[in-house]
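Please look over the sequence and the model below.

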Amino acid sequence: MSLRPRIIATIWRKEISETLRDRRTLFITLVLPVLLYPLLIIGFTRLAESESQAALAKPSTIAVWGVVPEALQHELSSRSHLSVRPWLGAPPEVRTGLEQRTLSAPSTTPVQRRNERPRDPDVPPEVEEAPTEASAAAREVVGARRAEVVLVLWGDGGNISIYFDSVREESQLAAARTSRVLQAYSRQLAREPFAVAVRDVAPPSRQAGRIIGTMLPFLLLTLCIVGGLYPAIDLTAGEKERGTMQTLMCAPVLPGEIIGGKFLAVWTMSLASALANIVSLATTITRTLPIDGTAIPLSTYALTALVLLPVTLLTSALFLALAVFAKDYKEGQSFLTPVYMALAMPAAVTMLPTIQLNAWTTFVPVVNIALLIKALLVGEARTELVFLVLAASAMYAALALALAVRVFQREQVLLGGSESMRDLFALGGGMRVPSPSLALVMYAVALVASFYGALALESRGFLVSLLVMQYGFFLLPTLGVARVMRMDLRETFSLHTPRIVPLFAAALLGLSAWTFASGIILRVAPPPDTLVRALEKLLRFSDEGAPLWVVWLAVGLTPAICEEALFRGFILSGLRRLGAVPAIGISALLFGIAHASIYRLLPTFFLGVILGIVVWRTRSLVCAIVLHALNNALLASLTESPLLARTLGLHPGADALPWAPTIYGSVLAAAALEILLLSSGGGTFLVRKRTDQGAGPAPNQAVTG
Amino acid sequence: MSSAVLVADRLARRFGDVQAVRDVSVTVHAGEVVGLLGPNGAGKTTTLRMLAGILTPDQGSVRVCGIDVHAQPLDAKRRLGFLSGDTHLYQRLTPVEVLTYFGTLYGVDQRRIAERIDTLVAELEMGSFKDRPCSTLSSGQKQRANIARAFLHHPDLLILDEPTTALDVISGQFVVEAIRRKRAEGKAVLFSTHIMSEAEYLCDRIALVHAGHVIDQGTLPDLLARSGQKNLTDAFLHHAAS
């Protein structure tokens, strides 16, 4: 039975209007963020200010080593905020050396640091010096907090060193105060024994800005997640407690419509919360915190809102699926609090400066989004990683939604009875072909495992990594699951014997379809040069110069067998019940995403559609394997052998395939597809005809387009 | 006798190790009130949930107006109105909003919903509280609004699970009279109760339920004759003991 959007919209509208009348939810979702950011930021500013004031009120202890000229002595003792302690902590040899003016300043070089924190302009530029006994002793005095600063007047008469701890606020302040005294002293001398830049102490708002900048991604995420938490409990466990769930179940609505309406309502609230958070944050930052030099452009806020879409999708679906197990609101809270903590707390790693968005963190749910927000704010987000993060997050969200749908189909759960989680997740036998959600789970597992597998195997070389990934992460788990669940292998993997004409047509497609991808798609959306070189290098086995037959087996046949078993076997047969267009489209999209690059998405999606159509119509995985193997082997051979490329009229190194082979190849591919469709049960390229397999002609249009 | 509106055949349902309902068959005709009488935990609620299509039986079938409830749940649910102690109203919505919502879910067009709400508000005397949030209503007022929800889409069959429980005498009587009016309109009514006097007063036929199955069913005189007792309570105790 298909879902009725009108009913879903009715349920959504009712849930939203009911939620908006719940003051508690409304407060947490919308009011809290609006209040929180100004309070937090102003609070931090105040706190920083009062800390600074407290520090300013306290005199700084200064250890002074060396013979102090009278004028300087006078300057030092005239300042009430300086507590001068002559020779404090100075080792006897150093004291002797300085008193006898034999100990002169060590040679120094200016410090060059990466990621340097904003420096207090009153403190003279930091220098690195050759370690001496005096400097070691001075460091110890400051490190042990016996004094905030050690001022050393070297025996040579002209050089003065200030030892301070840049991490300690009060030490920085003391250094600034000492510098000002030296400044005043040097003016009296009418000569410049040292260069000191004098400016006021940095405004505390800057420090607050730094704190907020670090906390921002975590804060945003946790508040957005909370935005969906309470509506999710209210619309499930809350309804059960109030006895309204059964009332809804009496009405002529499908479980899918109930979950659809409720999910959209929770998602809406979560999104509204995300929006409220971002608007409040942006307003607070731009209005109350004029951060010099670190102003965040509005487009960054917009992008941040965008990347919050998949994460709110994931958490809304997950909360809904789990909260429905609770009998009442209270139980719902105790169910979801640990889930919320488990989701949100890892996002706290974004507060660590060393953790960044990279290949390893891309697939960690929620954390990847937190890191992406951080990268966006700092302006370091790489397109490739953004694509992967969004694809991974969308995948997790789809899984969570599939779980929610599964839970809502359990009437016993909705009626408040208990049903063990084991029953819910029981894979059990009796499934002839995979269900759509199982297909999705299989995909997620294979994708994440192969992604991390590839990273772990990076050092083992391309061939090992490829074979382990393909056989270990694609083929074996797929076959294993199908076997353990006692599925009909023939149906699941479309193991029907191919007829000769469709097989021939598939082979022809394998030799020609790539021309459309290379000539048209890559012309429209050209990949960056670096990616092309990297792919070519991969195809050449990192310049190992492997024989051509090894290349054919490794790059041609292996992916053809393993990827086809997963994508056109397990996944396509799992999606089959959704109908031709969604099944072929989704499996092709998943196939495209699995190639882990936005630039390869379109060509691989195109190939996935062709392969999907072939298996849908012929019910034979062999046809797809032949097509896929020939396609890959031909492309690898063209990279491997410039001679072959020239023979076919191609120019090595050209950005896209020249027009002539593109057109000939595409026409050939279209003809091959036509033959395949004609020879596999009617419904041709141009003539619409319903077939017995329920395969409409629509997917063909995707190819002709 | 007119045609059967509800035909339930050999229903069974198990929860874990507990066989909640076994081998229950019930038929209700148009213009007839059938009572499901039994103590708490007898399996009445589970039976009624299966009849209303919100719980799938392990065995047996239910047909409403000839439509299989579990094969075509949407069509069947449009023909029945269900009310139980567990079907409450949305606390933050008003009775009119609740009725409009359910009217839309039942596929009634907006103009008809408004007309129907006016009729029901008059019939069930809801004028004084129809626009107040349900959380502020008394038990009796809530039950009236709930009955209006069950009657809203003109169902041929009403399944009412202990509709008078937790109501005071006046409110309870109001509900009983509403059921009688529906019978007069030719609707089929199946209702469960553990109040013997209510069953005696309302029901054309009575099914005695005990430990998950029907121990006897028939008209009141039949039941009394078969048990040799003078009233329904004694008849029930007699059957339960035997």
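## Chain A overview

This is a predicted model. Chain A has 705 residues, and 44% of them are buried. Its secondary structure comes to 27 helices and six strands.

Take the contacts with a separation of 6 or more: 74% of them join residues 24 or more positions apart.

## Helix 16 against helix 17

Helix 16 of chain A covers residues 436–456, and helix 17 of chain A covers residues 462–484. Their axes come within 10 Å and cross at roughly 160 degrees. An angle over 145 degrees counts as roughly antiparallel. Helix 16 and helix 17 of chain A are therefore roughly antiparallel to each other. The crossing is right-handed.

Helix 16 of chain A brings A:Met442, A:Val445, A:Ala446, A:Ala449, A:Ser450, A:Gly453 and A:Ala454 to the contact. Helix 17 of chain A answers with residues including A:Ser465, A:Val468, A:Met469, A:Gly472, A:Phe473 and A:Pro477. By class, this contact holds eleven nonpolar, five polar and no charged residues.

## Helix 17 against helix 21

Helix 17 of chain A also meets helix 21 of chain A, residues 548–575. These two axes come within 10 Å and cross at roughly 30 degrees. Angles under 35 degrees count as roughly parallel. So helix 17 and helix 21 of chain A are roughly parallel to each other. Their crossing is left-handed.

On the helix 17 side of chain A, the contact residues include A:Leu463, A:Leu466, A:Leu467, A:Gln470, A:Tyr471 and A:Leu475. On the helix 21 side of chain A, they include A:Ala554, A:Thr558, A:Pro559, A:Ile561, A:Cys562 and A:Glu563. The tally for this contact is 15 nonpolar, four polar and one charged residues.

A:Val389 lies in helix 13 of chain A, residues 383–408. Is A:Val389 buried or exposed? The cut-off for buried is 20 or more other C-beta atoms within 10 Å. A:Val389 has 25, so A:Val389 is buried.

Leaving aside residues up to four places away in sequence, A:Val389 touches A:Thr362, A:Asn368, A:Ile369 and A:Leu372. A:Thr362 is 27 residues away in sequence from A:Val389. In space, their C-alpha atoms are 5.4 Å apart.

## The six-stranded sheet of chain B

Chain B holds an open sheet of six strands with mixed pairing. The strand order is 6-7-8-3-9-10. Strand 6 (80–84) and strand 10 (213–218) of chain B are the edges, and each pairs on one side only. Direction ignored, neighbouring strands are turned by 15 degrees against each other on average.

Two helices lie against these strands. Helix 6 of chain B, residues 169–184, packs on the sheet and touches strands 3, 7 and 8 of chain B. Its direction makes about 155 degrees with that of strand 8 of chain B. Helix 8 of chain B, residues 220–227, lies across strands 9 and 10 of chain B. Helix 8 of chain B runs at about 110 degrees to strand 10 of chain B.

## Strand 3 of chain B

Strand 3 of chain B, residues 33–37, pairs in the parallel sense with strand 8 of chain B, residues 188–193. Five bridges link them. B:Gly35 has B:Phe191 as its bridge partner, and B:Val34 stands opposite B:Leu190. Strand 3 of chain B also runs parallel to strand 9 of chain B, with four bridges. There, B:Val34 stands opposite B:Arg205.

Five of the five residues of strand 3 of chain B are buried, so the strand is largely enclosed by the rest of the structure. B:Val33, B:Gly35 and B:Leu37 are on one side, with B:Val34 and B:Leu36 on the other. Both faces are covered.

## Where the chains meet

How many residues of chain B are in contact with chain A? There are 23, and they touch 19 residues of chain A. Helix 2 (73–78), strand 6 and helix 3 (95–105) of chain B each give two or more residues to this side. Helix 3 of chain B gives the largest share, four residues. By class, the chain B side has 13 nonpolar, six polar and four charged residues.

Note on methods
Residues are numbered from 1 along each chain as its sequence is written. Chains are lettered from A and ligands numbered from 1 in the order in which they are written. This is a predicted model: local features need pLDDT of at least 70, side-chain atom pairs count only at pLDDT 80 or more; totals for chains, interfaces and linings use all residues. Axes are lines fitted to C-alpha atoms, for helices over the stretch in contact, and angles run from 0 to 180 degrees between N-to-C directions. Angles under 35 degrees count as roughly parallel, over 145 as roughly antiparallel, 65 to 115 as roughly perpendicular and the rest as oblique. A crossing is left-handed if the near helix is turned anticlockwise from the far one by less than a right angle, and right-handed if clockwise. Two residues are in contact if their C-beta atoms, placed from the backbone, lie within 7 Å. Ala, Val, Leu, Ile, Met, Phe, Trp, Tyr, Cys and Pro count as nonpolar, Asp, Glu, Lys and Arg as charged, and the others, Gly among them, as polar. Two strands pair if DSSP finds at least two bridges between them. A residue is buried if 20 or more other C-beta atoms lie within 10 Å of its own, exposed if 12 or fewer, and partly exposed in between; C-beta atoms are placed from the backbone.
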